[in-house]
Amino acid sequence: MTIIVTGGAGFIGSNFIFYMLKANPDCRIVCLDKLTYAGNLSTLASVMKKPNFRFVKADICDREAVDRLFAEEKPDVVVNFAAESHVDRSIEDPGIFLETNILGTQVLMDACRKYNVKRFHQVSTDEVYGDLPLDRPDLFFTETTPIHTSSPYSASKASADLLVMAYHRTYGLPVTISRCSNNYGPYQFPEKLIPLMIANALNDKPLPVYGEGLNVRDWLYVEDHCKAIDLILRGGKIGEVYNIGGHNEMRNIDIVKLICKELGKPETLITHVTDRKGHDMRYAIDPTKIHAELGWLPETKFADGIVKTIRWYLANRPWWEEIVSGEYQNYYRKMYETR
Ligand code: NAD
Ligand code: DAU
């Protein structure tokens, strides 16, 4: 079985490639990635020489390149992780989010139709459901919660989801969609909350918490997400959406304090900065469907996963130090200096 994994040089895609090559050693993985600022070939160093792995640098919006690769590889399955993924960047400059996240998905699905791919899996997000109020802890996102987006990022992901469903209904494309909550773990780009706070704390830099830090996210260890996608590929029903999340809601401020504690850094590093525009208050997934249909349950408890993650960033300083010393400096200045 040949699986094309798009966006596999990024955070979740790379972890998915590692997981699949270990869990399904008979499969062949072809990673298609544009290597944007968020893609990092060094992340894939450990699998680069494997005979059942191939890396191809290409843009999912590039029809010719995508068609050429599909013609060569005749994939059985395509899993689409490739995306612009950072909400703050989408607020600054939405255009590239619409191109990659919507039009790129269309290009991939057109190739899937042409080459009779048996499954197109779209990696989506819980952000398509908008947010939940803090004073209603009884409410959760289910697969039937209406789409109600807040940021250009979430609007682009929701648009892609609608297009995926349209390709299923109109052309009979065999699709599945997963909508996961916030991931954390190794190889996450240090623009996202947890790795940014770890990197800043280790460098004794201020820890920029948006607003009061009371926003709630539902955190899932990345390997649990990868396992859920593998289960959906094996047993998920065509044309269905599966929510993925492990009932692990945490306030941002509590996560940042936990990171300070684990690293032995003072909470005085915490700096409250101007809030994100349109900031979603709370995400919380109801994972009943994927548990009932596919038997999925998260395996890593947050208390263990966060320690594992912090230790990974301590043990792999060159990986993230190279990132934060380059173009990232300009990004950081633009986003945080006058915030
Ligand atoms: P990431 O930003 O770390 O990685 C994105 C990858 O896609 C990078 O390797 C980048 O080079 C590649 N890419 C970007 N544009 C491309 C293009 N036009 N063509 C080919 N490759 C391109 O993202 P991530 O956090 O790993 O997220 C992966 C997917 O999972 C995204 O679709 C995101 O919406 C979704 N998701 C993320 C989370 C999370 O917490 N990070 C949660 C739920 C869903
Ligand atoms: O829920 C899934 C989504 O999770 C994915 O679809 C997105 O791709 C992924 O980036 C993530 O989105 P968030 O916006 O929730 O993640 P982020 O790490 O950017 O922020 C998490 C929370 O922390 C959010 O409430 C904003 C806050 N925050 C973030 C940063 C970067 C801060 O307070 N300070 C910061 O510097």
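Strand β5 (residues 119–125) and strand β6 (residues 175–180) of this predicted model run parallel to one another and are joined over six bridges, where strands (E, at least two residues) and helices (H or I, at least four residues) are DSSP runs numbered from the N terminus, and two strands pair if DSSP finds at least two bridges between them. Within this pair, H121 has T176 of β6 as its bridge partner. Both strands belong to an open, parallel-paired sheet of seven strands in the order β3-β2-β1-β4-β5-β6-β11. The edges are formed by β3 (53–57) and β11 (240–244), each of which has a single partner strand, so that one side of each is left without a neighbour in the sheet. On average, neighbouring strands are turned by 20° against each other, direction ignored, with axes fitted as lines to C-alpha atoms, for helices over the stretch in contact, and angles running from 0 to 180 degrees between N-to-C directions.

Helix α2 (residues 63–73) packs on this sheet through β1 (2–6), β2 (28–33), β3 and β4 (77–80), at about 175° to the direction of β2, contact meaning heavy atoms within 4.5 Å. Helix α7 (residues 222–235) lies across β4, β5, β6 and β11 and runs at about 145° to β5.

Among the polar contacts, defined for a ligand as pairs of N or O atoms within 3.5 Å, a side-chain atom of D59 lies 2.8 Å from a nitrogen atom of ligand 1, and a backbone atom of N183 is 2.9 Å from an oxygen atom of ligand 1. The protein covers 96% of the 830 Å² of accessible area that ligand 1 has on its own, as computed by the Shrake-Rupley method with a 1.4 Å probe.

Oxygen atoms of ligand 2 lie 2.6 Å from a side-chain N or O atom of Y153 and 2.7 Å from one of N182. Of the 690 Å² that ligand 2 exposes when taken alone, the protein buries 94%.

Residues are numbered from 1 along each chain as its sequence is written, while chains are lettered from A and ligands numbered from 1 in the order in which they are written. Local features need pLDDT of at least 70 and side-chain atom pairs count only at pLDDT 80 or more, whereas totals for chains, interfaces and linings use all residues, and side-chain values use heavy atoms, with hydrogens and water left out.

Technical notes
Polar contact = N/O pair within 3.5 Å; in protein donor to acceptor, adjacent residues only side chain to side chain.
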